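This report describes one protein chain, beginning with a single residue and ending with the chain as a whole.

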Amino acid sequence: MPVKRTVTKIAEESRPTPTYDEDKFYLTEKSSFIEKGNAYHKFMQYCDFSAKNANNELIRLLSQNVLSESEAAMLSIEPLEKVLSLEIFEALKSYELYREQPFIVPIAANEAGAWQSDREILVQGVIDLLAVKGDEAIIIDYKTSSHGKEQLKRDYAAQLNVYALAVEKALKLKVKEKLIINLLSGEVVEI
């Protein structure tokens, strides 16, 4: 059993291992998809959630050199417009927002869902968006996926549950909601 584990690794270990044809084409496609996901995450990290026009927000981020031309070229305006118009961002106006919030927290291995031991391991991760109001928190994780809501729940519930455990343990906050926002479809998935 390791002493330290990332939330991403814990989540990967909780899902069935997919089989892939690992030829050069696949690796190129996988790399491109990761770069695209990183570009969407970067947009969300720096965008103004009250902006209703994703194109104007993209232009602003380009002009401030937050996004590069190549990153901007990977983004589609239509789904970003849908994401920025989600009700959740209106509801979060009264919350303190922490974007790309890193953490390292000791958690019992069996609580992290990875092993049958109560020995503590250090769990490390980054929460895409942590919203805090009083003693409550909302956790939002961004995904760029072609999968539907049920598949996203199956694939990422363990990850968001570990995030919630980390927030509750480290910050002594009650996590009242755990959400995934699919940046490609504009859908919100409740965990």
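A polar contact is a pair of N or O atoms within 3.5 Å; within protein, one must be able to donate a hydrogen and the other to accept it. In this predicted model, the side chains of Lys 143 and Asp 141 make such a contact at 2.7 Å. Lys 143 belongs to strand E4, which covers residues 136–143. Lys 143 has a relative accessible area of 12%, and because buried means under 20%, Lys 143 counts as buried. Apart from neighbours within four places in sequence, Lys 143 is in contact with Tyr 156, Gln 159 and the residues Ile 180, Ile 181, Asn 182, Leu 183 and Leu 184.

H7 runs over residues 149–171 and has 23 residues. Its end C-alpha atoms are only 29 Å apart, whereas a straight helix would reach 33 Å at 1.5 Å a residue. The buried residues of H7 include Leu 152, Tyr 156, Gln 159, Tyr 163 and Val 167. An α-helix has 3.6 residues a turn, so residues three or four places apart point the same way. Just after H7, Lys 172 takes a positive phi of about 60°.

Ile 181, one of the contacts of Lys 143, is among the residues with the most contacts inside the largest nonpolar core, a group that also holds Phe 43, Met 44, Phe 89, Leu 92, Ile 140 and Tyr 142. This core has 29 residues. The elements below each supply at least two residues of it, and E4 does too.

| Element | Residues |
|---|---|
| Helix H2 | 24–46 |
| Helix H3 | 54–63 |
| Helix H5 | 77–84 |
| Helix H6 | 87–91 |
| Strand E3 | 120–133 |
| Strand E5 | 174–182 |

H2 gives the most to this core, with 4 residues. A second, separate core has 27 residues, including Ala 109, Ala 166, Val 167 and Ile 180. Beyond its neighbours within four places in sequence, Ile 181 is in contact with residues that include Val 83, Leu 86, Ile 88, Phe 89, Ile 140, Tyr 142 and Val 188.

The protein chain has 7 helices and 6 strands, in the order β-α-α-α-α-α-α-β-β-β-α-β-β along the sequence. Of its 191 residues, 41% count as buried. Among contacts with a separation of 6 or more, 68% join residues 24 or more positions apart. The accessible surface comes to about 10500 Å², and 49% of that surface belongs to carbon and sulfur atoms.

How values were computed. Residues numbered from 1 in each chain as written. Predicted model: local features only at pLDDT ≥ 70, side-chain atom pairs only at ≥ 80, totals over all residues. Heavy atoms only, no water. Buried < 20%, exposed > 50% of the residue type's maximum accessible area, 1.4 Å probe, protein only. Contact = heavy atoms within 4.5 Å. Expected span 1.5 Å × (residues − 1). Core = buried A, V, L, I, M, F, W, Y, C linked by side-chain atoms within 4.5 Å. Areas by Shrake-Rupley, 256 points an atom, 1.4 Å probe, with all protein chains shown as cover.
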